[in-house]
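Colleague: I am new to reading protein models. Could you walk me through one, feature by feature?

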Amino acid sequence: MTIDTLRLTAEEAHNLLRSREISSAELHAAYVEAIDRHDPELHAFLDVVAEPNGDNVPIAYKDIISTAGIRTTAGSKILEHYVPVFDSTVAARCKARGFSVVGKTNLDEFAMGSSTENSAFGPTRNPWDPTRVPGGSGGGSAAAVAAGMAPWALGSDTGGSIKLPSAFCGNVGLRPTYGTVSRYGIVAFASSLDQVGPVAKTVRDCAYLYSVIAGRDPHDTTTVELPEPVAVPQDTDLTGLRIGLPKELNEIEGIEPGVKAAVRVALERAVALGASVEECELPLSVQYGLACYYLIAPAEASSNLARYDGVRYGHRAEAAGSLVELMERTRDEGFGDEPKRRIMLGTYALSAGYYDAFYGQAQKVRTVIKREHEALFERFDLIASPTCPTTAFPLGEKTADPLAMYLTDVLTIPANMAGLPSLSVPCGFSDGLPVGLQLIGPQFSENILFRAAHAVEQALDLDLVPERLK
């Protein structure tokens with residue numbers, strides 16, 4: 001039987017296994033063959049597992065997720081040869097379901113970036129147009145799913161690292177409510193923001209994978225039990241659903257006309273299915289969200305990345321003198337420009353005399369952002385916007401301008417700062433490139449997000465296989 005991995009969803013793959021039309025070994029081999037065919041051009045994977053290690057659907061992991069016996073680099077030279085002796089909680093839960101790990105995917109170093117160009121091992125390319133970025137930091141996971149090299153994947157989202165690549169590559173990506181998925185075994189970037197989530201071809205696949213990884217974990221005290229079971233969506237009736245359109249998210253400067261048009265069509269379909277759509281405002285969250293994020297995230301990164309000192313694990317500089325010289329040389333050799341930039345920013349924000357003025361003030365603004373969202377959700381079930389103001393941009397276009405790169409996440413950051421669930425679902429194309437619709441809900445509203453996104457997905461019925469790969 002010929003297996004078309006470009007179009008095969010995880011749900012369809014599972015059904016083929018259950019009916020015994022194919023074996024798990026055959027399915028795993030089909031994805032490895034797809035990797036051999038497409039990855040030399042796209043560079044989505046840092047490690048490939050050639051032999052099946054489970055009896056269920058294959059899965060790819062962003063290389064920030066610890067996997068026992070499989071290298072976990074976080075896209076950094078400082079962890080280039082690190083092989084964990086334990087599984088992260090999310091990997092262990094997937095293993096318990098029999099998911100076969102097909103490989104570890106490329107990312108911006110320590111998940112710091114919006115294009116996967118900051119990887120110490122070279123950039124990933126977008127399957128729709130290899131001259132363009134796949135988004136970041138989890139561009140490898142998104143490119144792998146879009147190119148049929150994995151039916152689904154796990155990524156992590158701090159400022160938009162699941163949602164943005166999903167939008168650029170034409171996938172469904174969920175950033176869950178903070179605390180619903182364990183961070184145990186995840187290489188830390190910003191602990192109060194990091195959250196693991198699924199990247200998939202369809203909303204149903206996304207919902208199912210979320211149901212596998214979500215729930216309280218005794219290894220992570222920030223986790224909670226879900227208030228209700230995860231529901232894999234089926235119907236497309238949106239009667240009574242209230243969707244808010246914050247002007248600040250939908251009319252922000254720089255939104256491409258094609259992006260705006262695709263989002264508008266998707267929302268018109270939602271209205272036709274029974275939803276109501278109304279304009280609203282979210283002024284402070286958009287005005288201060290990006291600045292707030294780039295104080296809190298680097299501050300937490302400077303603390304988390306202090307552990308890479310050349311003493312305990314990871315890269316160690318050779319022929320160093322004193323202990324201080326060893327640490328200095330190890331960190332200089334091991335970290336790339338972006339981690340160094342954020343460590344310096346974060347250390348400054350936490351330094352004596354500046355903590356209250358910068359980090360402390362940013363935390364107060366974060367509370368304001370959270371309350372502003374909560375006020376909107378008294379009137380609406382969900383709010384919507386483009387996932388990104390643009391489609392995938394050319395490789396190298398923003399690498400020399402960190403501020404321009406940071407602005408890529410301007411629409412995804414506010415919800416993350418508030419700890420809210422949000423989902424990117426493909427809603428159309430602009431100049432032949434995918435456009436993502438971002439749906440944001442109150443805490444623990446993943447089921448509502450899945451219901452709305454599934455309805456829009458079915459109504460639009462887009463062909464999300466890159467033309468060049470057919």
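**Contacts and cores**

Modeller: This model is predicted. Start with Leu437. Setting aside residues within four places in sequence, Leu437 is in contact with Val263, Ala266, Ala384, Ser385, Thr387, Leu423, Ser424, Val425, Cys427 and Val456.

Colleague: Which residues touch the most other members of the largest nonpolar core?

Modeller: A core here is a set of buried nonpolar residues joined through their side chains. The largest one holds 129 residues. Leu437 is among those touching the most other members, together with Ile65, Cys94, Phe110, Met149 and Leu154. Helix α9 (residues 283-304) gives this core its largest share, nine residues. Another core lies apart from it, with seven residues, including Val133, Cys388, Phe393 and Met405.

Colleague: How many helices and strands does the protein have?

Modeller: There are 15 helices and 11 strands. The radius of gyration is 21 Å, close to the 23 Å that the globule rule gives for 470 residues, so the protein is as compact as a globular protein of that length. Along its principal axes, the C-alpha trace spans about 70 × 55 × 45 Å.

Colleague: What share of the residues count as buried?

Modeller: Buried means under 20% relative accessible area. Of the 470 residues, 59% pass that test. Now look at contacts between residues at least 6 apart in sequence: 76% of them join residues at least 24 apart.

Colleague: Is Thr330 buried or exposed?

Modeller: Apply the cut-off. Thr330 has 0% relative accessibility, so Thr330 counts as buried. Its place is in helix α10 (residues 323-334). Not counting residues up to four places away in sequence, Thr330 touches Ile78, Asp309, Gly310, His315, Arg316 and Ala317.

Colleague: What is phi for Asp461?

Modeller: Near 50°, a positive value in a residue other than glycine. Asp461 is in the segment after α15. Exposed means over 50% relative accessible area. Asp461 has 64%, so Asp461 is exposed.

Key
Residues are numbered from 1 along each chain as its sequence is written. This is a predicted model: local features need pLDDT of at least 70, side-chain atom pairs count only at pLDDT 80 or more; totals for chains, interfaces and linings use all residues. Side-chain values use heavy atoms; hydrogens and water are left out. A nonpolar core is a set of buried Ala, Val, Leu, Ile, Met, Phe, Trp, Tyr and Cys residues joined through side-chain atoms within 4.5 Å. Buried means under 20% relative accessible area, exposed over 50%, partly exposed in between (1.4 Å probe, protein chains only). Helices (H or I, at least four residues) and strands (E, at least two) are DSSP runs, numbered from the N terminus. Contact means heavy atoms within 4.5 Å. The radius of gyration is taken over C-alpha atoms; the globule rule is 2.2 Å times the number of residues to the power 0.38.
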